[in-house]
Every structure is written in structure tokens, then in C-alpha cells.
Amino acid sequence: MASTTCASSAIYLAKQNGELVLQQGKNPNILKHANERILVVGGGVTGFTNAWALLDAGYSVTVVSDRWASLENRITSQIAGALWEWPPAVCGRHTDVISLRLSKTWCQTSYRAFQHLQEVLPADGESGHGIRLRTANFFFDKPIEQNVEEYEKMAEIEAAKIPGFERDSRLATKHAVSQEAGVVDAYKHISPVIDTDAYMMWLRDLVVAKGGKLVTQRISGDLLEHEDELLRAFDAQYIINATGLGSFEAAADKTVYPLRGALIRVVNDGKRFPKVTEALVVANDYAKRDDDGGIVFIVPRNDQTLILGGIAQANEGQLDLTLDSPEMRRMRLRCNKFVPGLANAELDPHSPIVQGLRPVRGENVRVERELRKKADGSLSRIVHSYGQGGSGFTLSFGCAGDVLALVEEAKAGIAPTPIKSERAVVAI
């Protein structure tokens with residue numbers, strides 16, 4: 001905690017040319033709005049990143065959640081694959097054009113923040129943030145040009161100058177991928193990879209060190225219906241909804257649904273198979289492959305743990321998968337084709353399998369003020385940030401920057417505008 005306290009005074013988030021940027025030195029905005037408290041509902045990566053940004057903007061912040069990150073009972077954010085990806089992520093696709101367009105801006109903001117954080121503070125050790133930059137390899141079973149969406153995605157990555165980008169069909173050979181995998185094309189780039197256990201506890205400690213208050217409590221029901229009551233109870237002026245899957249109830253959003261995922265964790269020490277130091281990925285193919293979309297997701301979580309995925313099962317809300325479940329067996333077989341000797345891997349003795357529910361929304365990500373008016377006809381003071389699905393880490397800083405702007409908009413008494421409006425698209 002001492003190292004995190006030092007970090008809290010050494011780095012801060014601030015808007016620069018409209019983008020949320022990680023900066024070093026003394027924060028000029030500290031306590032700027034100290035008399036204004038904001039209640040953040042949700043203790044995952046979205047909630048805590050919002051809390052960090054709001055604290056550094058000078059607000060007082062309370063974060064309320066019924067659970068916090070721990071090694072004993074992991075929250076959804078800790079289950080995430082947490083490999084930075086250009087949208088759409090390998091585990092799913094965007095169905096909403098505006099959400100996808102915004103996500104491509106949000107992800108770049110997050111990339112720069114993670115990159116800078118990795119440069120200025122230690123990733124390892126008891127108080128390390130757990131962020132590392134690694135090469136991520138993306139494989140395809142046909143020339144990329146034959147898949148319009150994937151070709152456009154690759155072109156955008158190259159145009160955005162994501163570090164280390166290179167298209168190379170020989171990557172499969174270089175990584176000794178079995179011919180059974182059917183890989184014929186590939187590209188690679190550098191990606192932030194987040195050790196979610198380390199980062200979520202580091203992020204929580206950072207928010208506390210910056211003055212954030214944590215309250216362990218379950219908030220039930222539609223936030224709009226209880227808005228005035230919550231504002232009074234927490235002495236707050238605004239509410240940020242970052243409840244993820246809970247927004248089905250908290251935002252009365254019936255388009256929110258779970259996308260079940262699971263990861264197998266194995267020991268990555270180089271003894272039973274060559275140590276894996278780069279991410280190896282095959283995106284979900286909705287047109288064919290097996291019942292799981294053919295996802296391959298092999299990512300070094302840290303220096304000792306390799307995670308194997310993936311699964312993307314819509315509207316499956318039960319966390320009852322085991323290593324012997326048919327989809328888990330299929331997933332493991334797909335991964336085994338990509339790393340020689342992986343079939344001999346030793347399972348993580350503490351957590352051989354982790355599983356969680358990605359919070360997905362019908363129209364994808366929602367970073368938007370509450371559009372419904374309160375019972376008395378007045379404007380709501382709720383700002384929503386949910387529906388990031390499997391991209392919570394990838395979009396975290398970008399979404400937090402927009403939340404800051406929406407709070408300022410609400411303070412100015414401006415009526416809320418739907419995210420689907422043209423104004424919302426060009427505001428970034």
C-alpha cells in the first residue's frame with residue numbers, strides 16, 4: 001500500500017486536447033471540486049477507472065459495491081482475458097456502428113494510458129500494477145482479404161500506427177503452430193496485457209490513496225427510481241452507473257445479457273512445454289468452425305501463468321463449467337494445436353479454471369447520461385458506463401474520459417443527448 005500511496009501523488013489523469021491522458025507530477029486539479037461528491041456504483045475496472053479520473057479532476061468520490069477484487073472470490077474484471085485489442089474483440093462483434101466507431105477512439109486512449117503506466121511504474125512486486133507490453137499474434141484460416149471485417153480491422157490497426165504492427169503469414173511457422181490448426185495468414189502488434197489480479201487490487205488501492213471512499217453495500221433496483229434517496233444517503237451530487245451486467249436492473253436496460261466465458265490457467269515456467277511469451281489468438285468466426293466459434297486465446301497472464309481460452313456463450317448465466325465440460329475440452333484441444341507440448345501443461349494448482357459473465361448490451365457500449373426524467377420531471381444526475389462486454393480493460397480509460405465530460409455537461413444544466421446522436425459521435 002505504501003508504494004501505491006507514492007504512486008497516487010506521482011501520477012494523475014487529466015484531459016489534454018479532449019483526451020484523458022496519464023501525466024506525471026503534481027496534479028493541478030486536486031480538490032478543485034472537493035465539495036462535490038460523486039457516487040460510483042460498481043467495483044470493477046470500469047467503476048474504479050471512472051473513480052480515478054473523477055478524483056484526479058478534483059471531485060470527492062465514493063465507490064459502492066457488494067464485492068471487491070480478491071484472490072479468494074474473483075470478480076468479473078479479474079476473470080477477463082485483459083489483452084488489449086482493437087475493436088471488435090476476438091470474443092464478440094459490435095452490432096452497432098456508432099458504438100464501434102466510439103470504441104476505436106476509446107481503445108487508443110486506453111492503450112496510451114497503459115503504455116505510459118507501464119513505463120513509469122513497476123509491473124512486478126507486491127505493489128506492482130501488473131501491466132506488461134507483449135507481442136500479440138492474430139491468426140486466420142484464409143487470406144485476410146477474404147474476410148472483409150478482419151481486413152478492415154487490420155488496415156485500421158496499421159493506419160493507427162499501433163506499435164509493432166506487421167503482417168506475416170509465416171508467423172504460424174515461427175511459433176510452430178500445428179498444421180492441424182489450418183492457419184494460412186497472420187499479423188502481429190504490441191499490446192498491453194494486464195494481470196487482472198494484480199491490476200484490480202492496485203487500482204483499488206490507488207483510488208483509496210487518492211482519497212476515494214469504499215462502501216461495501218448492494219444497491220438494488222432501478223437507480224433512477226432511487227436517485228434522490230441515494231444522493232442524500234451518500235451526500236453526493238451525481239451518480240455513475242458502472243454495474244456491468246447489473247445494469248439490466250440498475251438502468252432498467254432489458255437489452256443487457258451475459259456472455260459466458262471461461263479460462264484454463266496453466267503453469268508457464270518452460271518445464272513441460274516451451275515458455276510462451278507472446279499472445280496467440282484466433283478470433284471468433286460466426287460463419288463456421290465448431291459450436292464455440294473456434295476461438296483460440298493463449299495469453300501469458302504474468303511470468304508464471306498462461307491463460308487458455310476462449311468461450312463466448314450468449315445468455316448462459318450459470319457458472320457451472322468444469323474442465324470436463326464439452327466446451328472446455330474443445331477449447332483445450334484448439335489451444336493445444338498452437339503450442340507444442342501444451343497438452344502436457346501443469347494446471348495452476350490454485351485456480352485451474354476461472355469463469356465469468358461478460359456484460360453485453362444489445363446496442364453495445366453505453367456511455368451516456370440517463371435519458372429518462374425523474375418522477376418530478378427534472379433531469380436525472382445519473383451517468384451510465386456499461387456494456388463493454390469482453391473489452392472492459394481495452395476501453396476503460398477512453399470511457400472514463402467521456403464520463404468526465406458528461407458530468408460537466410450535467411453540471412451545466414444541458415439536457416442529455418443520446419449516444420446514437422451525431423453530437424455524441426463527434427464529441428470525442
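In the packing of helix α2 against helix α11, Val-45, Thr-49, Asn-50, Trp-52, Ala-53 and Leu-54 of α2 meet Gly-392, Phe-393, Ser-396, Phe-397, Cys-399, Ala-400, Val-403, Leu-404 and Val-407 of α11, where contact denotes heavy atoms within 4.5 Å. By class, this contact comprises eleven nonpolar, four polar and no charged residues; Ala, Val, Leu, Ile, Met, Phe, Trp, Tyr, Cys and Pro count as nonpolar, Asp, Glu, Lys and Arg as charged, and the others, Gly among them, as polar.

The model is predicted, so that local features need pLDDT of at least 70 and side-chain atom pairs count only at pLDDT 80 or more, whereas totals for chains, interfaces and linings use all residues. Residues are numbered from 1 along each chain as its sequence is written, and side-chain values use heavy atoms, with hydrogens and water left out. Helices (H or I, at least four residues) and strands (E, at least two) are DSSP runs, numbered from the N terminus.

Two packed helices are described by the angle between their axes and the distance between the axes. Helix α11 (residues 392-411) packs on α2 at an angle of about 45 degrees, with the axes 9 Å apart. Axes here are lines fitted to C-alpha atoms, for helices over the stretch in contact, and angles run from 0 to 180 degrees between N-to-C directions. The two helices are therefore oblique to each other; angles under 35 degrees count as roughly parallel, over 145 as roughly antiparallel, 65 to 115 as roughly perpendicular and the rest as oblique.

Helix α2 lies across β3, β4 (59-65), β8, β9 and β17, and runs at about 165 degrees to β4. Six strands form an open sheet of mixed pairing, in the order β8-β4-β3-β9-β17-β16; two strands pair if DSSP finds at least two bridges between them. At the edges stand β8 (213-216) and β16 (366-369), each pairing on one side only. From one strand to the next the twist averages 20 degrees.

Within this sheet, β9 is parallel to β3 (residues 33-41) over four bridges, with Leu-39 opposite Ile-239 and Val-40 partnered by Ile-240. Three bridges join β9 in parallel to β17 (residues 382-386), where Ile-382 is the bridge partner of Ile-239. Both faces of β9 (residues 238-241) are covered, with Tyr-238 and Ile-240 buried on one side and Ile-239 and Asn-241 on the other; buried means under 20% relative accessible area, exposed over 50%, and partly exposed in between (1.4 Å probe, protein chains only).

Strand β13 (residues 305-309) has five of its five residues buried. Four antiparallel bridges link β13 with β10 (residues 256-267), and Arg-265 stands opposite Ile-307. Strand β12 (residues 296-300) likewise pairs with β13 in the antiparallel sense over four bridges, and a hairpin joins β12 to β13 through four residues.
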